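Work through the exercises below with the model open. Try each task before reading its solution.

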Amino acid sequence: MKRKLLLSIVLAGVCVGMQAQKRQQSTTAYAITGAQKGSDRWTEVRLIDVQTGEEIKSIYQSAQQVAVLNARTGKPIAKKEKLAEESNGLTEYRFKTDGANGEVIVIKKNDQQTITFMKQNTDGKQIFITRNAVFNMPPVNADQPFATNSAACAYDKKHERLYFTPMGINQLRYIDLKAKDPTVYFFEGEPFGVLEHRHDVTNQITRMVIASDGNGYALTNSGEHLIRFTTGRKPEISDLGAIADDAANGSNSIRSRGGFGGDIVADDQNNLLLVTANRNVFKISIKDLRATWLGDIKGLPRGYSTNGAAVEKGTSIIVSTSTTTNGFYRFDLSTLQAEKISESESVYKASDLANANLISDKKKKGEEAVAVNEAAKNSGDRVDEKRELNVKYKMSAYPNPAIKGGVVNLTFNDFPQGRYQVQLMDINGKLLSAENINVGQRMQIQLLNLPTSLSQGTYLLKIVGDANKEKVLVTEQIVVQ
């Protein structure tokens, strides 16, 4: 009897240990969510387990009382007037229009019926246009941390802070995760972006991350403003300017209104990866302020907008949505193919995700050697055994399968700077095309146009040194449909 009892205790301990190890290995992220699953108001912050989709810890609740302090002085913030003033049962809202010569005044009564006046100055005269409409614009207290909802946050692991900004208020704020009692800090009187008014969607900030250089970066919907903020003792906020589209992007622009929203993550080479709300992925060079389109994510359910993103590990990225409780998905940068990972049938809608993980394409030397050796065997090439043990060249091709006459993205990682040749061959080794390229960055994406004459089937892509056309560095198979 004692032996059975002892065995039961040991087995229970093993199970508990296995569960604890599983929890330690899971990926966590801070998420901006609603108060309940299915809610569309982005005013709560939770630490979640993306594998299960469940809350690990509540970080901020809009219903709770929190200390709100000035980020520079540590003193309580000066109370601001509400963005709406009530008088005799009417609520009056004032905000600028997109034009430079007017102001909109909305007078709301009984939360429904409204009268809207457009005031314009023409030759010193005032012109009023009156309309009746059903309108719902609740008064906003700018002193509330998430006064106008938020869709941008970034986790600063070094200082244990969660930075964020409300969409309708261009102000940088952060939650002190070390504080015993919930505490939020505002950078008062310091513009964070160029928001014209609460509904200036173009200039709203919905993407934010802490990059590998330790600085925070926030991007407006339009891509016209990349804002950097330092996280040290004396934080500085700088507008770096607009992100330019790479010439090879074609119609896939970072400025597309269909992509407004989404999120950014960072890699270990000081680049940003933007996942737009309509599933497109761009790599942004902070140094050059240039965006390169990598493709669009495949395999997500219909209607699943990609609003939040966080790095899982390696080149794997987790995405969340604000449109459905369907679940969290992962995709890999090498394939852009998504798969569901959350175990729960229903998860929180999340307008943003954040953790401290960075994208890294580093692999173990043994794994690299096996990959290159297998590719070489498939193509009939010989691999030098000494070089196999110290492989440095890595290249991936996507989308794969590809479309004949389409474009394939070739990602070069850890190639020494220099000239190389991309050779396209059929499965029998016949050379179909060759293109010389220059590699100048540690991680570089090159676009390869596939000939329209290709038939469906399997082909080989070989990367060879320009000086020695016989020395094959990488071989990759692609399928053309």
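Buried means under 20% relative accessible area, exposed means over 50%, and partly exposed covers what lies in between. The model is predicted.

**Exercise 1. An aromatic pair**

Task: Classify the ring pair of Tyr 163 and Phe 229, and state whether each residue is buried or exposed.

Solution: 
- Step 1. Start with accessibility. Phe 229 has a relative accessible area of 0%, so Phe 229 is buried. Tyr 163 also counts as buried, at 0% relative accessibility.
- Step 2. Take the geometry. A pair of aromatic rings is described by the distance of the centres and the angle of the planes.
- Step 3. Apply the cut-offs. Centres must lie within 6.5 Å; planes under 30 degrees apart are stacked, over 60 edge-to-face, and the rest tilted. Count by this rule and you get 11 aromatic pairs. For Tyr 163 and Phe 229 the centres are 4.9 Å apart and the planes make 50 degrees, which is a tilted pair.
- Step 4. Tyr 163 is in strand E11 (residues 161-166) and Phe 229 is in strand E16 (residues 226-229), so the pair ties together parts 66 residues apart in sequence.
- Step 5. Compare another pair. Phe 412 and Phe 415 are edge-to-face, with 5.1 Å centre to centre and 85 degrees between the planes. Phe 412 and Phe 415 are both buried.
- Step 6. Widen the view. Tyr 163 and Phe 229 belong to one aromatic cluster, together with Tyr 174, Tyr 185, Phe 187 and Phe 192.

**Exercise 2. Charges over rings**

Task: Which rings have Lys 37 and Arg 173 over their faces?

Solution: 
- Step 1. Lys 37 lies over the face of Tyr 348, 5.6 Å from the ring centre.
- Step 2. Arg 173 lies over the face of Phe 186, 3.6 Å from the ring centre.

**Exercise 3. Salt bridges**

Task: How many salt bridges does the structure hold? Then locate the bridge between Arg 72 and Glu 190.

Solution: 
- Step 1. The total is 10 salt bridges.
- Step 2. The side chains of Arg 72 and Glu 190 meet at 2.8 Å, N to O. Arg 72 sits in the loop between strand E4 (67-70) and strand E5 (84-87), and Glu 190 in the loop between E13 and E14; this pair links distant parts of the chain, 118 residues apart.
- Step 3. Check accessibility. Arg 72 is partly exposed at 39%. Glu 190 is partly exposed at 21%.
- Step 4. Turn to Asp 245 and Arg 255. Their closest N and O atoms are 3.8 Å apart, in a salt bridge. Asp 245 lies in strand E18 (residues 244-245) and Arg 255 in the loop between E18 and strand E19 (263-266), so the pair ties together parts 10 residues apart in sequence.
- Step 5. Asp 245 is partly exposed at 23%, and Arg 255 is partly exposed at 28%. Shared partners join Glu 224, Asp 245 and Arg 255 into one network of salt bridges.

Key: Residues are numbered from 1 along each chain as its sequence is written. This is a predicted model: local features need pLDDT of at least 70, side-chain atom pairs count only at pLDDT 80 or more; totals for chains, interfaces and linings use all residues. Side-chain values use heavy atoms; hydrogens and water are left out. Rings of Phe, Tyr and Trp (its six-membered ring) pair if their centres lie within 6.5 Å; planes under 30 degrees apart count as stacked, over 60 as edge-to-face and the rest as tilted. Helices (H or I, at least four residues) and strands (E, at least two) are DSSP runs, numbered from the N terminus. Buried means under 20% relative accessible area, exposed over 50%, partly exposed in between (1.4 Å probe, protein chains only). A charge sits over a ring if NZ of Lys or CZ of Arg is within 6 Å of the ring centre and within 35 degrees of the ring normal. A salt bridge is a side-chain nitrogen of Lys or Arg within 4 Å of a carboxyl oxygen of Asp or Glu.
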